[in-house]
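This report walks through how the chains of one assembly are arranged and how they meet. The sequence and the model come first, and the reading follows.

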There are 4 protein chains.
Amino acid sequence: MRQQLGWGLIGGGKGSQIGGAHRIAARLDDLFQLRAGALDVDAGKARSFGAEIGIAEDRAYGSWQDMLAGEPSRGDRIDLVTVATPNATHFEISRAFLEAGFHVLCEKPMTMTVEEALALQQIARDCGRLLAVNFGYSGYPMVRQAKAMVENGDLGRVRLVMAEFAHGFHADAADADNPRLRWRYDPAEAGVSSVLADAGIHALHMIGFVTGQTIDRLSAEFHSHVEGRELEDDALLSLAYSGGARARLWTSAIAVGQMHGLNIRIFGEKGGLAWRQEQPNQLAWTPLNGRSELLERGGNGLYPPAADGSRIAVGHPEGLLVAFANLYRDIHTAINAGTIAPDALAASLVPSADDGVEMVRAVHAAACSAAGDGAWIDI
Amino acid sequence: MRQQLGWGLIGGGKGSQIGGAHRIAARLDDLFQLRAGALDVDAGKARSFGAEIGIAEDRAYGSWQDMLAGEPSRGDRIDLVTVATPNATHFEISRAFLEAGFHVLCEKPMTMTVEEALALQQIARDCGRLLAVNFGYSGYPMVRQAKAMVENGDLGRVRLVMAEFAHGFHADAADADNPRLRWRYDPAEAGVSSVLADAGIHALHMIGFVTGQTIDRLSAEFHSHVEGRELEDDALLSLAYSGGARARLWTSAIAVGQMHGLNIRIFGEKGGLAWRQEQPNQLAWTPLNGRSELLERGGNGLYPPAADGSRIAVGHPEGLLVAFANLYRDIHTAINAGTIAPDALAASLVPSADDGVEMVRAVHAAACSAAGDGAWIDI
Amino acid sequence: MRQQLGWGLIGGGKGSQIGGAHRIAARLDDLFQLRAGALDVDAGKARSFGAEIGIAEDRAYGSWQDMLAGEPSRGDRIDLVTVATPNATHFEISRAFLEAGFHVLCEKPMTMTVEEALALQQIARDCGRLLAVNFGYSGYPMVRQAKAMVENGDLGRVRLVMAEFAHGFHADAADADNPRLRWRYDPAEAGVSSVLADAGIHALHMIGFVTGQTIDRLSAEFHSHVEGRELEDDALLSLAYSGGARARLWTSAIAVGQMHGLNIRIFGEKGGLAWRQEQPNQLAWTPLNGRSELLERGGNGLYPPAADGSRIAVGHPEGLLVAFANLYRDIHTAINAGTIAPDALAASLVPSADDGVEMVRAVHAAACSAAGDGAWIDI
Amino acid sequence: MRQQLGWGLIGGGKGSQIGGAHRIAARLDDLFQLRAGALDVDAGKARSFGAEIGIAEDRAYGSWQDMLAGEPSRGDRIDLVTVATPNATHFEISRAFLEAGFHVLCEKPMTMTVEEALALQQIARDCGRLLAVNFGYSGYPMVRQAKAMVENGDLGRVRLVMAEFAHGFHADAADADNPRLRWRYDPAEAGVSSVLADAGIHALHMIGFVTGQTIDRLSAEFHSHVEGRELEDDALLSLAYSGGARARLWTSAIAVGQMHGLNIRIFGEKGGLAWRQEQPNQLAWTPLNGRSELLERGGNGLYPPAADGSRIAVGHPEGLLVAFANLYRDIHTAINAGTIAPDALAASLVPSADDGVEMVRAVHAAACSAAGDGAWIDI
């Protein structure tokens with residue numbers, strides 16, 4: 001029998017999509033109990049929405065500071081905090097809760113700067129607390145199957161990864177001044193990168209997740225196709241990895257007709273894989289000189305990390321919420337097992353502070369390369 | 001703010017897929033709280049698994065009879081019971097809980113005989129309780145979009161529906177004596193039909209759900225392709241509907257290469273629709289003399305029943321668990337609004353006792369027709 | 001080196017799609033030389049169009065009767081005649097040319113009545129001439145791969161075939177009186193069947209082609225969804241085959257959104273196949289308890305009948321014209337080898353008079369069954 | 001009535017795939033008559049294969065020099081020569097035939113060096129002869145539809161094109177020394193580029209064909225994933241176009257699981273397009289803020305360049321051979337109309353010497369950029 005852990009959520013207020021996704025995913029397997037929240041920057045809204053979703057009145061906090069003050073001394077204090085606030089606040093909030101002894105799952109990007117990322121990584125280490133980052137697409141069973149196939153040598157040495165995360169929802173020039181969009185392209189609010197830091201980062205994480213390699217060097221170009229944008233709405237990266245793999249990443253917000261196009265193809269000496277996030281239950285596998293096969297989530301013959309990640313049988317589609325739930329389940333396991341140090345976490349399927357640091361580094365290096373006409377930057 | 005309702009589950013014990021799906025779906029939106037269960041025929045297992053998933057000790061009952069005895073007098077008594085037990089027990093258990101004043105969501109098929117189905121329908125009416133049947137695939141947003149398009153006249157008069165629900169998981173003759181399969185083809189345990197009552201019934205329900213029409217007459221043929229089976233592992237139905245639509249339904253358990261192949265195509269005077277359960281987030285729409293379009297769950301321009309059924313944005317796939325959650329959400333709404341009489345329910349999106357009766361009738365009529373060389377049977 | 005044969009075409013005049021397809025297909029491999037034609041019922045148009053496409057003036061005949069008079073005595077007389085005239089003339093023209101010593105490729109359906117079909121079959125036998133019928137979709141390499149896989153036992157005994165040939169181009173009630181369509185639903189011109197005899201017949205032939213079995217019995221229902229039509233615009237057949245296979249065939253002209261939807265799925269004891277005419281270069285294969293594979297035309301590991309049917313390498317799509325060319329190539333081979341008697345032809349890949357007879361029988365039996373409320377009819 | 005032109009083929013001998021494709025394509029519409037050939041470097045094979053495919057004995061030449069000597073003085077001399085010989089001979093042969101007054105269709109790449117390309121372009125101009133280059137994929141109707149949609153402003157200004165042409169047929173390290181492959185990666189035989197000059201060049205041409213823009217600048221990286229290769233088996237290009245569009249091109253020979261993966265996506269201000277060569281009869285179109293549509297070759301509402309390029313009706317797939325035939329048909333039209341000067345040709349759908357020059361320039365610039373760590377090179 002698995003023990004429920006107490007869980008708290010910061011951010012993710014009423015109408016927030018990511019907040020709703022976290023609440024569903026964290027509770028999907030009965031492993032976490034939502035006990036506390038600071039769900040909105042508006043204290044009143046934070047309290048009323050907390051009550052609305054069943055949080056006890058005294059734990060539906062009006063701010064994360066109140067939550068930080070109120071939780072530590074409780075006997076039934078929460079174990080894990082999810083930080084789903086605006087990016088610029090990730091560092092401060094995560095640090096505070098780590099230092100107060102809580103485990104933290106932070107939304108991506110982990111921080112706004114590399115220095116913050118490194119500091120947060122060290123704080124987690126010093127505090128002996130788990131620090132995970134929500135690269136939640138890595139929770140899809142068939143992504144985990146891809147990773148396991150690479151680890152098991154089915155592809156031989158990985159030569160090349162082609163990754164993309166493209167959508168077209170910021171393509172409308174007439175909509176560019178919409179406040180909902182504008183801040184995303186304002187360096188004062190969004191930092192050094194827009195679409196790469198927001199969407200492409202997931203594909204970038206997935207390259208490392210599947211190959212088990214880290215980024216050595218990269219070159220990038222950024223473009224702003226819609227007039228008036230300071231930050232990029234389209235980017236291309238070329239990357240060299242620690243194990244010799246090369247990769248290319250395209251990410252875009254102006255690709256009309258792409259929905260939530262996170263796709264990855266992995267080419268090795270002995271075979272190739274292809275996966276598309278919008279049809280996540282299938283993974284195409286072609287062994288060298290062989291026939292293409294379609295592997296199905298829930299089907300026979302999958303490796304344990306894929307087989308373990310299914311809730312329902314083959315042919316019954318699962319979606320993103322279940323992928324996120326896999327991440328919460330693995331965090332639950334890590335906390336219970338005490339395998340929460342960065343090294344231990346890095347050996348698990350949970351995206352760790354190490355991943356968070358690498359991704360923040362990569363985004364900054366890409367911005368730097370793009371500003372320097374595509375010069376190669378060491379990570 | 002929506003009030004949580006108390007919920008109990010009968011059946012769906014450890015390792016049960018459908019039980020797990022109900023537990024996830026019922027709680028997905030925070031609308032139901034699992035307070036009581038009789039999860040296994042083995043009293044010990046029922047109690048221990050109940051405790052394992054967080055049910056209070058005194059409400060983790062050893063049998064549904066105990067649950068029936070224990071719940072009614074409690075102040076925090078449950079509101080809704082889900083009956084996910086073997087088919088032959090649906091009638092008795094559902095009746096008992098309806099008569100004790102609980103609302104009931106019963107797994108399909110509602111009952112083993114038409115007489116029981118009619119009786120149960122009447123009991124729900126007499127007791128003023130909700131009786132719904134888990135034709136859960138009708139909860140998919142794009143199925144609801146199809147229904148709404150028909151209702152809004154986008155297709156004109158529906159002429160023809162081609163439906164199928166085929167899989168290949170009972171195709172292996174060498175596996176036919178496996179107890180896990182054998183009972184499904186034994187009339188003593190499964191009744192008059194195997195694959196139609198088990199799988200095809202979902203596609204059959206979907207025809208009526210989408211068209212808004214009821215079955216007038218049908219003709220059927222049943223086959224047992226694997227030797228030794230008394231009940232059908234493959235069936236073909238032809239149907240005439242109340243509004244003039246014709247339909248054909250193919251269902252099979254020996255269709256190797258089909259996974260969970262619930263597909264429906266609807267052809268009207270003014271356009272055609274196609275939907276596939278394994279890629280449920282898309283609906284293909286071709287207006288007469290026009291270009292084919294691909295409608296996306298979560299996308300712009302969907303009718304309210306489809307738009308309301310999404311949890312996450314377009315391009316982020318949702319799966320079966322969210323479809324089931326839509327059903328639970330609509331049951332919650334019906335209970336709160338008091339629109340629980342069969343007529344009221346039939347006007348909602350919730351599969352009602354009327355649907356349950358019609359489907360049981362249809363299965364029996366099909367078996368009768370198949371035994372009579374395909375003679376047409378009035379429903 | 002392969003010797004060119006002389007070829008003549010009757011029907012298929014200016015603007016005819018099928019005529020153009022025959023002219024391209026017959027010449028694709030340099031195996032036939034178009035030397036004579038009677039391309040139009042209008043003598044003037046026949047002559048001028050013949051000249052336009054390079055037929056010598058004296059062999060661009062004004063009528064098939066002139067062609068029949070002119071060709072036999074020539075030293076360079078044609079070897080093969082393709083009959084692509086209205087269905088009601090197939091019998092008379094084919095008989096005349098067979099009796100004059102020519103080989104004949106007749107468009108489908110071979111004749112309007114079973115009696116004519118049998119007579120023509122006998123005439124070909126008596127004259128020692130080849131009589132083939134253009135079930136040209138059997139020329140697709142991946143259809144031939146499916147046939148070879150069945151023959152080689154890869155599927156084990158075939159249990160069930162699901163076939164369909166549906167389109168939506170006759171769905172518009174406002175267009176029903178268009179002369180281009182109206183004759184197709186007029187028994188005086190089209191005979192006993194419309195969409196089955198025109199489109200469904202190809203799918204019906206393919207069932208027999210792939211399984212190697214002949215029809216024992218069938219049951220059918222016909223519908224006319226567009227008001228005023230005497231003949232069916234939609235049909236469903238259930239069939240029992242000589243080797244124990246069952247099959248179902250759906251054909252329709254009112255299925256808006258279906259283009260030229262000839263699809264076939266074959267389910268055997270040891271695996272299942274699926275093929276779609278609109279994407280003809282792929283064949284999906286799922287071995288029992290195994291993973292789904294995608295076989296590619298031109299790829300490795302295909303059986304000879306499939307491998308031989310490709311003109312260009314894997315990944316370069318081939319379409320219908322190449323399928324038709326395969327049929328012409330095989331007719332060329334049969335003529336050169338002298339394997340032209342019905343039995344010899346039936347053992348080849350060329351659709352023979354036997355196929356022609358069986359299909360005409362089946363269409364008539366289906367019309368009879370449909371008129372008799374779906375009664376089973378022996379073939 | 002359209003007049004046949006005389007046609008000759010150099011290269012494309014027995015067993016050659018591209019030769020067979022040209023012979024089928026050139027004759028598909030009865031517009032060209034194969035009258036002369038020098039089909040093999042081996043004089044004996046050239047003569048015997050010429051005879052085998054129906055070329056008169058005296059015009060089945062033993063060498064292109066013999067053909068050059070024999071044809072000009074004939075009354076029935078050929079009009080067009082197709083040059084399908086090894087790349088290094090394109091320049092010399094094309095020059096000789098242009099100077100002798102023949103029109104020339106040259107295989108890609110047009111020449112080995114930029115200097116040769118410019119010289120050949122000038123020679124065609126000086127001689128007043130047509131010089132076309134076989135970027136035959138531009139003959140696909142739906143590619144022409146894409147071009148027409150851009151021209152007609154349906155997409156608004158084009159922002160970004162993502163193109164790729166990837167296969168995996170050179171991925172096997174164990175096969176790298178196979179003479180069939182080895183020469184392709186040997187600079188002495190293949191020049192400055194392997195997979196880009198061989199495969200990627202088609203995708204590169206298509207970007208310009210569809211957008212109507214020419215390359216301003218590019219940056220490239222080349223990789224040799226299989227040990228021992230001097231030339232690239234994988235490349236990534238980033239490009240800036242004359243009209244402001246950006247593009248990226250990935251080409252690869254080590255992408256196991258990709259067959260003949262020529263894909264293109266075009267993103268404009270007002271919509272996006274996607275086309276895949278392996279399913280060439282469909283074009284996906286998403287208008288900004290609208291629903292995705294699937295345009296079908298042969299369907300209603302296509303622009304003339306697409307509508308004119310079909311031989312058979314919607315739903316009957318056409319493949320690469322018909323695309324090539326469109327190119328031959330357009331060359332026929334250009335010759336008959338006298339619109340053969342480079343400028344005139346550039347305004348047509350026929351890939352011209354201008355295209356040939358631009359592509360050779362681009363390949364050399366890419367090789368140069370790749371050698372210079374991705375530096376941007378002006379074209």
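Which rotation superposes chain C on chain A? A rotation of 180° with 0.0 Å of shift along its axis does so, with an RMSD of 0.0 Å, where copies are superposed by least squares on the C-alpha atoms of residues with pLDDT of at least 70 in both. In chain C, the C-alpha nearest this axis belongs to C:Glu293, 2.1 Å from it.

This is a predicted model, in which local features need pLDDT of at least 70 and side-chain atom pairs count only at pLDDT 80 or more, while totals for chains, interfaces and linings use all residues. Residues are numbered from 1 along each chain as its sequence is written, chains are lettered from A and ligands numbered from 1 in the order in which they are written, and side-chain values use heavy atoms, with hydrogens and water left out.

**Chain C and chain A**

The size of an interface is often given as the accessible area lost when the parts come together. Chain C and chain A bury about 770 Å² between them, 35% of it on carbon and sulfur atoms; buried area is the accessible area (1.4 Å probe) that two parts lose on being put together, summed over both. In chain C, the residues that lose the most area to chain A are C:Arg291, C:Ser292 and C:Glu293, which together account for 61% of what that side buries.

Nine residues from chain C and nine residues from chain A take part in the contact, contact meaning heavy atoms within 4.5 Å. Because 100% of the interface residues of chain C are also interface residues in chain A, the copies meet through the same surface.

There are two salt bridges between chain C and chain A, a salt bridge being a side-chain nitrogen of Lys or Arg within 4 Å of a carboxyl oxygen of Asp or Glu. A:Glu293 forms a salt bridge with C:Arg291, with the closest N and O atoms 3.0 Å apart. Strand β13 (residues 292-296) of chain C supplies the largest share of the side of chain C that touches chain A, four residues; strands (E, at least two residues) are DSSP runs, numbered from the N terminus.

**Chain A and chain D**

A rotation of 180° with 0.0 Å of shift along its axis also superposes chain A on chain D (RMSD 0.0 Å). The two copies are thus related as by a two-fold rotation axis. Of the residues of chain A, A:Gly374 comes closest to this rotation axis, at 3.9 Å (C-alpha).

**A:Gln282**

A:Gln282 lies in strand β12 (residues 282-287) of chain A.

| Side chain | Partner side chain and distance |
|---|---|
| A:Gln282 | A:Glu296, 2.9 Å |
| A:Gln282 | B:Gln279, 3.4 Å |

Not counting residues up to four places away in sequence, A:Gln282 touches residues including A:Met142, A:Trp275 and A:Leu294.

Technical notes:
Polar contact = N/O pair within 3.5 Å; in protein donor to acceptor, adjacent residues only side chain to side chain.
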